[in-house]
Structures are given as structure tokens and as C-alpha cells.
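Here is a short briefing to read alongside your structure. Take a look at the fold, then go through the notes by topic.

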Amino acid sequence: MSAEVSFTVESPQGPHTVSVTYERRGTGEPLLLLHGIGHHWQAWEPVLPVLAAERDVVAIDLPGFGASPGLPGGLPYDLGTVVPVLARFCEELGIEQPHVAGNSLGGLLALELGRAKLVRSVTALSPAGFWSEGERRYAFGTLRAMRSAAESMPLPMIERLSRSVAGRTVMTSTIYARPGRRSPEAVVAETLALREATGFHETLATGGSVRFTDDVPGLPVTVAWGTRDRLLLRRQGVRAKHVIPAARLVRLPGCGHVPMNDDPALVSRVILDGSR
């Protein structure tokens with residue numbers, strides 16, 4: 001059962017109350033899971049059973065995504081705001097120095113948490129921030145097109161398309177290499193999450209100048225990339241390795257941009273190995 005926690009964060013404009021929805025399962029060392037833009041914590045459902053067998057897993061809806069309300073008071077959706085929000089969230093739950101795994105936007109946030117020495121290990125799956133300008137424009141244009149498509153489809157059409165492999169392929173093949181493996185219910189839920197995400201446009205607006213250019217010394221870092229990633233091309237993983245020389249660079253054969261559903265066993269093993 002998902003829960004929600006509220007806490008206060010400080011900003012130049014004064015204190016603000018932020019609320020975050022999360023799912024918590026399992027026992028062991030804490031593991032924080034961060035999804036990508038337009039998604040929700042349920043993106044991690046395929047790997048949660050394996051991870052929760054060894055870790056105290058906390059999968060969150062980032063502010064402005066899923067069931068989490070947007071950031072209050074005009075707070076920007078930039079790294080300087082969201083990373084401290086995540087740190088305060090962990091404090092509120094009594095989680096000290098968790099392992100963290102993130103996908104896409106969540107991968108970038110995970111690396112920033114590592115750079116700030118707020119976590120004990122980082123696993124980044126196709127993280128944002130290692131793109132060229134042309135690759136960034138392509139990815140952002142694709143994401144905006146996905147959002148527009150989700151907004152344009154009435155719910156009965158979404159539900160009808162989700163019932164067939166061909167329909168799920170039409171709706172989700174940009175992020176999944178094996179869209180037929182995604183359940184109809186999950187496709188409906190994530191399509192609605194994409195179109196209703198209050199933080200979507202603000203996150204893209206602040207992401208135009210984002211580049212991850214700093215090393216993350218002193219803790220284990222794994223960067224993993226799907227060989228069939230159609231949103232952030234896998235050559236960006238090589239750039240990530242140059243920026244973070246000590247990182248373990250892992251290839252995910254046959255996986256797309258959101259690999260947890262394409263190969264849950266492989267992704268679970270990569271995350272657990274990275275957090276040992």
C-alpha cells in the first residue's frame with residue numbers, strides 16, 4: 001500500500017511544505033528507487049519482488065509525477081531543488097545513506113545524490129545528462145510528442161489499445177524494447193501518469209542546460225544502458241564512463257530505455273550487485 005509523507009524544505013523564498021508518495025517493501029539495507037520523467041513508482045514493479053527480498057526498498061513518485069503533488073510556491077524543478085527534497089524525504093523516513101537506483105531523470109538524480117555524498121552507492125539506468133545538444137533536442141522532442149499523444153487520447157481509446165500487443169507497442173515502444181511484456185493495466189496507468197504529470201513541462205524546461213560533468217569519487221557507481229534504448233542512445237554510456245572513470249559500465253542486451261520491464265532478472269541483478 002502506497003503512503004505519503006509531508007515535510008518542510010527551505011528555499012530563498014522561505015519554507016515550503018512538500019508531499020511525496022512512496023511504496024515501501026522488504027527488509028535489509030535501504031534502497032531508494034527513482035523513476036524517469038513522466039513515469040511513476042510503478043515503473044519498478046517488475047523488479048520489486050527480487051529487490052525487496054534483500055533490501056528495504058523505497059520507490060517514490062517524484063514531486064509533480066505519479067501521485068505526488070507538484071512542488072509548491074513556484075519552486076523550480078531543477079537539481080538544486082529536487083536533490084535537497086530527496087534528502088529531506090530520506091530524513092523524514094529515517095533512512096540514512098541509502099543505496100539509490102534511478103532510471104533516466106531518476107538516474108541523473110541518483111548520480112547527483114552520489115556526488116553530494118548523500119548515498120552509499122549509485123546505480124544509474126540510462127541516466128540523463130550525458131547527451132550532446134542534438135541528442136538532447138531529439139529526446140526532449142520525443143518526450144513532448146509522447147505527452148501530446150497521451151493527452152489527445154480519450155480513456156476508452158487508451159484502454160482499447162492496451163488490450164493488444166500491437167496497441168501496447170504503438171503506445172510504449174519508445175521506452176520498452178519488449179512492449180508486449182507490459183500488462184494492459186500497467187500501460188493504461190502509465191499513460192495516464194504521463195498526461196497528468198504536473199511537473200512534466202517544468203522539468204523539461206529546466207533540463208535544457210543540464211550536463212553531468214563531475215566525477216563521483218569515493219563510492220560504488222554502476223551505469224547501465226539498454227542496447228535497444230531509443231530515447232537516450234547507448235553511446236551516451238561511453239561518455240558517462242569517461243566522466244566517472246571508476247564506474248562499472250554494464251550493457252543490458254535487448255533492453256530499452258526503461259529496462260526494468262524488458263529484463264527484470266538482469267536489472268535486479270545489476271542493482272543488487274551495484275549495492276553490495
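Helix H4 (133-152), helix H6 (165-172) and helix H7 each give at least two residues to the lining of the largest pocket. H4 has the largest share of that lining, with five residues. Please keep in mind that this is a predicted model.

**The largest pocket**
- The largest pocket holds about 370 Å³ of space.
- Its lining has 23 residues, and those closest to the centre are Met 146, Met 171, Thr 172, Ile 175 and Leu 194.
- By residue type, the lining of the largest pocket splits into 13 nonpolar, nine polar and one charged.

**Where H5 meets H7**
- Helix H5 (residues 155-162) packs against helix H7 (residues 184-196) at an angle of about 145°, and their axes are 8 Å apart.
- The crossing of H5 past H7 is right-handed.
- On the H5 side, the contact is made by Leu 155, Ile 158, Glu 159 and Ser 162, while H7 brings Pro 184, Val 187, Val 188, Thr 191, Leu 192 and Arg 195.
- Six nonpolar, two polar and two charged residues make up this contact of H5 with H7.

**A look at Ala 193**
- Ala 193 also belongs to helix H7.
- Is Ala 193 buried or exposed? Ala 193 counts as buried because its relative accessibility is 9%, which is under the 20% cut-off.
- Leaving aside residues up to four places away in sequence, Ala 193 touches Gly 38 and His 40.
- Ala 193 and Gly 66 lie 127 residues apart in sequence, yet their C-alpha atoms are 5.5 Å apart in space.

How values were computed:
Residues are numbered from 1 along each chain as its sequence is written. This is a predicted model: local features need pLDDT of at least 70, side-chain atom pairs count only at pLDDT 80 or more; totals for chains, interfaces and linings use all residues. Side-chain values use heavy atoms; hydrogens and water are left out. Axes are lines fitted to C-alpha atoms, for helices over the stretch in contact, and angles run from 0 to 180 degrees between N-to-C directions. Helices (H or I, at least four residues) and strands (E, at least two) are DSSP runs, numbered from the N terminus. A crossing is left-handed if the near helix is turned anticlockwise from the far one by less than a right angle, and right-handed if clockwise. Contact means heavy atoms within 4.5 Å. Ala, Val, Leu, Ile, Met, Phe, Trp, Tyr, Cys and Pro count as nonpolar, Asp, Glu, Lys and Arg as charged, and the others, Gly among them, as polar. On a 1 Å grid over the protein atoms alone, a cavity is a set of points where a 1.4 Å probe fits but cannot get out, and a pocket is an open set with protein on both sides within 12 Å along at least five of seven lines; lining residues have an atom within 4 Å of a point. Grid points are joined across faces, edges and corners, and a volume is the space filled by probe spheres set on the points. Buried means under 20% relative accessible area, exposed over 50%, partly exposed in between (1.4 Å probe, protein chains only).
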